[in-house]
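Visitor: I am new to this structure, and I would like to be guided through parts of it by question and answer. Could we begin by looking at it together?

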Amino acid sequence: MLEAVWIGFAFTLGLLVRTIGLPPLIGYLLAGFLISASASGLSLPANGTTIVHHVAHLGVLLLLFTVGLKLNVRSLGKPEVFGSSLLHFTLSIILTFPAAFFIFDVSFYQALMLAVALAFSSTVLAAKVLEAKRELRAFHGRVAIGILIMQDLLALLVMSLANGTVPSPWALLVFTLPLFRPILFRLFDASGHEDLLILFGLLLALVIGGSGFEAVGLSSELGALVFGAMLAKHPRAEELSKSLWSIKEVFLVGFFLQIGIDGLPDANAWLFAGVMTLLLPLKAVLLFLLLIFFKLRSRSAFLTSLSLTNYSEFGLIVASVVLPEWLIPLALTVAMSFVISAPLNRFAHPIYDRISNKLFKFERDTHHPDEQPVSLGTAQVLIMGLGRTGKAAYNHLEKDVSLIAMDSDPAKVVNLQEQGFNVFYADAEDQVFWQGLDFGSVQAVILSLNDVEAKVIAAQKLRKIGFTGEIISHSMHDDEANAIIVAGANETYLTMSEAGVGIAEHVKQRCFSNNSNAA
C-alpha cells in the first residue's frame with residue numbers, strides 16, 4: 001500500500017506538471033504535501049515517513065557521489081569559487097537576518113540560525129538541473145558546483161558547532177584516503193561493465209563513503225562526495241555515473257516527496273515562506289555581482305547565480321539540529337524556492353538571450369577566466385563537442401583536412417590541448433560567442449555535442465549568422481534528428497544505425513574485398 005501511494009502520487013503529479021512544461025520534481029513536491037494532507041484517509045503506516053526519509057537520504061548520497069565523479073578539486077581554490085562562496089554566505093546572512101528578527105517573533109539566536117539555514121543553496125536541485133542539461137562540466141556548472149561544495153562544508157561546520165559535537169579522532173584517517181586511490185582504480189577496472197560496476201558504485205557511495213564517514217563523526221554526504229572525487233580521474237568515471245543514473249533518479253523522488261510529507265504548514269509558516277521567497281531575487285543579484293567582481297563574464301555569472309537561486313535542503317538539516325520547531329516553515333520555504341527555481345533554470349538560456357544586452361554593461365573591462373575566441377583561423381572543419389563521437393571524428397579527419405574543435409568543459413579542453421588537439425573552450429549556447437565569431441576558412445561543422453537542445457541552438461545560430469557550409473550532426477532518436485535538421489543541419493545521422501553500418505563495412509572489407517577484386 002505504501003509504495004503504491006508514493007509511486008502513484010509522484011507519477012501522476014509529475015506527469016501533470018511535465019505536460020505544462022515544468023520539471024517533474026515540482027510534481028513530486030506537490031505529491032508530498034498531498035500525501036501529508038491525505039495521510040489519515042489513506043491509513044498509511046506509522047513508519048512510512050521514516051522509510052521515505054531513508055530512501056531520500058540514499059538518493060542524496062548517490063547524487064553527491066556522481067557529482068564527485070565529475071569534480072575537479074582544483075577548481076575549489078579558484079577566486080570565483082572560494083571568494084564568492086564565502087562572501088555570498090556572509091552577505092546572505094546579513095540580508096536575511098533583519099527580515100527574520102524584525103518581522104517574526106524570534107530571539108537573536110533564532111534569527112541568526114534561520115539566516116544561516118537560508119544562506120545555503122540546494123546542492124540537490126542545482127546538480128539535478130545542471131545534470132539534466134548536461135552542464136555539470138560546463139564553466140558555469142563547475143563554478144556552481146564548486147560554490148555549493150564550499151557551502152556544504154560550511155553547513156557541516158555550522159551543525160558541528162551548533163550541536164556541540166566534534167568528529168572522532170579516527171576522522172583523521174580521511175587524510176590518508178588518497179593513498180588508497182590505486183586500489184580503488186584496480187577494483188574499478190576489475191568490476192567490468194555490468195552489475196558488478198553498479199554494486200561497486202553503491203558500495204563506495206552508500207557503505208564506505210556514507211556509513212564510513214558517519215562512523216567517525218563526519219557527514220555521510222561529505223563521504224559520498226569524497227569517494228566520487230577520488231574516482232573522478234579514472235577513464236571510466238563517466239560510465240559509472242551513467243550506470244547509477246536510474247537508481248539515483250528513483251531515490252531522489254523520495255527526497256522531493258519528503259519535503260512535503262514532513263507536515264502541513266500553518267498561516268505563520270506560509271507568511272515566513274512568502275517573506276523569504278521575496279528575498280530570493282536579492283540573493284541572485286548579490287551572487288551575480290560577486291561573480292562579476294571576480295571577473296566572470298555576464299553569461300557565466302547569470303547562469304551560475306540562477307542555478308543557485310533557491311534555498312537548501314541543508315537548511316532543513318541545520319534546523320533539525322538547532323531549530324526543530326521551525327522545520328515545517330523552512331520546508332515550505334525550500335519547496336517554494338524549488339517551484340520558482342526549477343522552471344527558471346529550465347529556460348535559463350532563452351532568458352539570458354533576452355536580457356543579455358542589459359547585463360553586458362556590468363562586465364569588467366579585463367581578461368575573463370571564461371574568455372572565448374573570436375576567430376577560427378585557417379581551419380576547414382569545426383567539430384563542436386569532443387566526447388567519444390567528436391574525438392573519433394577528429395582522429396579520422398586530422399590527416400586529411402585542417403581541423404579545429406571546441407568544448408564547453410574547460411578542464412577537458414586543457415587535457416586535450418596537452419594531447420595535441422587543436423581545441424578551444426567555448427559554449428555553443430552562448431549568444432556572445434556567435435556574435436563575435438569569425439569562421440575564417442571553415443567549410444563544414446560537425447555537431448557532436450551531448451545535449452540535443454545545444455545541437456538545435458548551434459544549428460540555428462550557424463544559419464542565423466550566415467554560415468552556408470555543411471552542418472552534420474548525430475542523434476540517438478528519430479524525433480531529435482528531425483528537430484536538428486529543421487534547425488538548419490544538412491544531415492543528422494542516427495548514432496547506433498551508423499555504428500551498424502560501420503561494422504558491416506569492416507566485415508565487407510575484411511571478408512569480401514578479395515572476391516570483388518577477383519570479379
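This is a predicted model: local features need pLDDT of at least 70, side-chain atom pairs count only at pLDDT 80 or more; totals for chains, interfaces and linings use all residues.

Visitor: How are α2 and α18 oriented to each other?
Guide: Helices and strands here are DSSP runs (H or I of at least four residues for helices, E of at least two for strands), numbered from the N terminus. The axes of α2 (residues 24–37) and α18 (residues 327–346) come within 9 Å and cross at roughly 155 degrees, where axes are lines fitted to C-alpha atoms, for helices over the stretch in contact, and angles run from 0 to 180 degrees between N-to-C directions. Angles under 35 degrees count as roughly parallel, over 145 as roughly antiparallel, 65 to 115 as roughly perpendicular and the rest as oblique. The crossing angle therefore makes α2, relative to α18, roughly antiparallel.

Visitor: Which residues of α18 does α2 meet, and how many residues of the contact are nonpolar?
Guide: With contact meaning heavy atoms within 4.5 Å, Leu25, Ile26, Leu29 and Phe33 of α2 meet Leu332, Ala335, Phe338, Val339, Ala342 and Pro343 of α18. Ala, Val, Leu, Ile, Met, Phe, Trp, Tyr, Cys and Pro count as nonpolar, Asp, Glu, Lys and Arg as charged, and the others, Gly among them, as polar. By these classes, the contact of α2 with α18 has no polar and no charged residues, and its nonpolar residues number ten.

Visitor: How are α9 and α10 oriented to each other, and how many nonpolar residues does their contact have?
Guide: The axes of α9 (residues 181–190) and α10 (residues 195–215) come within 9 Å and cross at roughly 150 degrees, so α9 is roughly antiparallel to α10. Leu184, Leu187 and Phe188 of α9 make the contact with Leu197, Phe200 and Leu204 of α10. In the contact of α9 with α10, no residue is polar, none is charged, and the nonpolar ones number six.

Visitor: How are α5 and α6 oriented to each other, and how many polar residues are in their contact?
Guide: α5 (residues 79–103) and α6 (residues 108–117) pack with their axes 8 Å apart, at an angle of about 135 degrees, and they are therefore oblique to each other. On the α5 side are Phe89, Ile93, Thr96, Phe97, Ala100 and Phe101, which meet Phe108, Ala111, Leu112, Leu114, Ala115 and Val116 in α6. The contact of α5 with α6 has eleven nonpolar residues and no charged ones, and its polar residues number one.

Visitor: How many residues of α7 are buried?
Guide: Buried means under 20% relative accessible area, exposed over 50%, and partly exposed in between, with a 1.4 Å probe and protein chains only. The buried residues of α7 include Thr123, Lys128 and Glu131. Helix α7 (residues 123–132) is mostly covered, and of its ten residues the buried ones number nine.

Visitor: Is Leu279 buried or exposed, and which residues does it touch?
Guide: Leu279 is found in the loop between α14 (267–278) and α15 (280–293), and because its relative accessible area is 14%, Leu279 is buried. The C-alpha atoms of Leu279 and Ala99 are 180 residues apart along the chain and separated by 9.1 Å. Not counting residues up to four places away in sequence, Leu279 touches Leu95, Thr96, Ala99 and Tyr311.

Visitor: With which side chain does the side chain of Ser475 make a polar contact?
Guide: Ser475 is found in strand β5 (residues 470–475), and Ser475 is buried because its relative accessible area is 1%. A polar contact is a pair of N or O atoms within 3.5 Å; within protein, one must be able to donate a hydrogen and the other to accept it, and residues adjacent in sequence count only if both atoms are side-chain atoms. At 3.3 Å, the partner of the Ser475 side chain is the side chain of Glu480.

Note on methods
Residues are numbered from 1 along each chain as its sequence is written. Side-chain values use heavy atoms; hydrogens and water are left out.
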